Amino acid sequence: MSLSTQHDVVILGGGLAGLSLALQLRQRFENLDIVVLERNAHPLPIAAHKVGESKVEIGAHYFAETLGLREHFDEIHIRKFGFRFFWSEGRRDLENVTELGVSSVMPTPTWQLDRGILENHLGELVRSRGITFHDASVVRKVELDQGGKPHTVEALVGDAEQTFTSTWVIDASGRAGIIKRKLDLAESSGHEGNAVWFRIDAKLAVDDWCADSDWGDRCEPRDERWRSTNHLCGPGYWVWLIPLGSGAHSVGIVCDAKMHLIETMNTFERALEWLHEHQPLVARACEAERDKLMDFRFLRGYSYSSKQVFSGDRWALTGEAGVFLDPFYSPGSDFIAISNTYICEMIALERAGKPLGPYARIYEQLFFSFFSNTLSMYRDQYPIFGDAEVMSIKVVWDYTYYWGVLCQLVFQNRLTDIALLGEVQNELAEAAQLNRDMQAFFNRWAQLSPRPNPAVMLDQMDLEWFVGMNATLHDKLDDLEVRERLRGNVSLMRDLSATIVARAQAACPSLDAAGLTAAQRPATPLFA
């Protein structure tokens, strides 16, 4: 016989998105009856094979501060030494290629996370806080009601059939996309990329790949580059190296689907052969530890969108059950933070008896605007990845936009502040359009660029204004100060875009600015 129970919220999926949502809901609603249904059995294996090990500022802030996991992060996981880039296509001499990164750690912390360790910890936390967490469970059927009655979820929990009725159903099932498939919500993002990734149970220390003492002395502390998310870049692709707290290392190849065929890398042997051609230092390191290979996966067409993610009929999608952008810049946890925050607010509105439909539409519009603006950093941009100069400047631009706009809304808890968002909508629209124009400009610049790759470190710590943006993310601002900060950051973006255009046109006089203004003098300091 099937057991039937009634609840406030049923979350389909107990991975990173589902477990973090359950914790966030518990923080806000002490008596909310929450059930999480997870397909995998817990505890997960250490170094669980999941993408999303590197956290950037929004995701790191969400987990460490919003959910209160800072102590766990500091004790178990690895403090990240920032993003680091090497333009090392076909090279074996890192000291003779351009490096972009930081010589010391940025003020706002980020981490490299072992997903197995983290999700096991989250699973223990949700159970300790009175949340029902059924692992090793298979969702059989979901029926969504449109008339205000409870939804129904049928699942196999262990060996028993169980029916859950619930006011809310949240799909956090990852790429299984239970609700997305049921309602035919799948939609292309227009960004075609493939990826392969694997784990090796060994430390792959990029610091050991170069014996040049001057190169080693560029960073303080010395011999700590391995803590970075290291990107080894070439035309149409990048390779990641991410250390895990378990002692393993994650290695991935991410590429433009048209420039590098997935069939050339869809097994470990093929990936190793591809790396020998494009990134021989990575290939050599992996070859030396091949007996410690833990797993291997590939994913064709990793990026996608959705026709809808929030509904006034009391269902929502979060995490990869909704959308996925790209592994570059690690935005997955950022969008988990954003969608979970909107879901919590919608549940609060419904419980307060407020009309849910209009808010669901507004929050969804905001969510997709953030998604679209971030997507422009990736779509049709992979050919640029092999250009050390253009890509270095693009990274600085992308982070200026990210820290200057989206991070401000998250760190200041303003994602649902409709009044503030309405007041600064012109500035936000200007920033979004400026970003789109600059992404197109980077593409045109790369087509004309001579692609210099000098033996130099472009140290982001030398850009005081850039470090200052990072250092002030945790400032506590009042309403007026938030508005002033956003407007000031948009003004900074104007100056930076003009500086970049002037620099690019000095190197490539025929480069079309297409309406962007070039600075008469360097308005915002950049690398020499």
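In this predicted model, Leu94 lies in the loop that runs between β4 and β5 (99-101), and Leu94 is buried, with a relative accessible area of 0%. Leaving out residues up to four places away in sequence, Leu94 touches Phe86, Ser88, Val206, Trp209, Trp215, Leu232 and Leu281.

**Strand β4 and its partners**

- Strand β4 (residues 83-86) runs parallel to β13 (residues 229-234), to which 4 bridges join it, whereas β4 and β5 run antiparallel and are joined by 2 bridges.
- Within the pairing with β13, Phe83 has Thr229 as its bridge partner, and Phe85 stands opposite His231; towards β5, the bridge partner of Phe86 is Glu99.
- Phe83 and Phe85 point one way from β4 while Arg84 and Phe86 point the other way, and all of these residues are buried.
- In a regular strand, side chains alternate between the two faces of the sheet.

**The sheet**

- Strands β4, β13 and β5 belong to an open sheet of 8 strands with mixed pairing, whose order is β16-β12-β15-β14-β13-β4-β5-β20.
- The edges of this sheet are formed by β16 and β20 (457-459), each of which pairs on one side only, and the twist from one strand to the next averages 15 degrees.
- Helix α7 packs on the sheet, where it touches β12, β14, β15 and β16, and the direction of α7 makes about 110 degrees with that of β14.

**Helix α7**

- Which residues of helix α7 (residues 268-278) are buried? They are Phe268, Ala271, Leu272, Trp274, Leu275 and His278, and because they cover an arc of only 160 degrees around the axis, they lie on the same side of α7.
- An α-helix has 3.6 residues a turn, so residues three or four places apart point the same way.
- The face of α7 turned away from its buried side carries the exposed residues Glu273 and Glu277.
- The cover over the buried residues of α7 includes the strands β12 (193-200), β14 (237-243), β15 (249-256) and β16 (293-300), together with helix α8 (280-288).

**Nonpolar cores**

- The largest nonpolar core has 154 residues, and those with the most contacts inside it are Ile11, Leu25, Phe310, Trp445 and Ile500; helix α11 (residues 388-411) supplies the largest share of this core, 17 residues.
- Trp445, with neighbours within four places in sequence left aside, is in contact with Glu389, Val390, Ile393, Ile500, Ala504, Cys508 and Leu511.
- A second, separate core of 31 residues includes Val97, Ala202, Leu275 and Ala283.
- In soluble globular proteins, nonpolar side chains tend to be buried together.

**Cysteines**

- How many disulfides does a search of the whole structure find? The search finds 0.
- Cys407 is buried, with a relative accessible area of 0%, and its sulfur is 19 Å from the closest cysteine sulfur, in Cys344, which is too far for a bond.
- Cys508 is in no disulfide either, as the nearest cysteine sulfur, that of Cys233, is 20 Å away; at 6% relative accessibility, Cys508 also counts as buried.

Definitions and conventions:
Residues numbered from 1 in each chain as written. Predicted model: local features only at pLDDT ≥ 70, side-chain atom pairs only at ≥ 80, totals over all residues. Heavy atoms only, no water. Buried < 20%, exposed > 50% of the residue type's maximum accessible area, 1.4 Å probe, protein only. Arc of directions from axis to C-beta. Contact = heavy atoms within 4.5 Å. Pairing = 2+ DSSP bridges. Axes fitted to C-alpha atoms, helices over the stretch in contact; angles between N-to-C directions. Disulfide = S-S within 2.5 Å. Core = buried A, V, L, I, M, F, W, Y, C linked by side-chain atoms within 4.5 Å.
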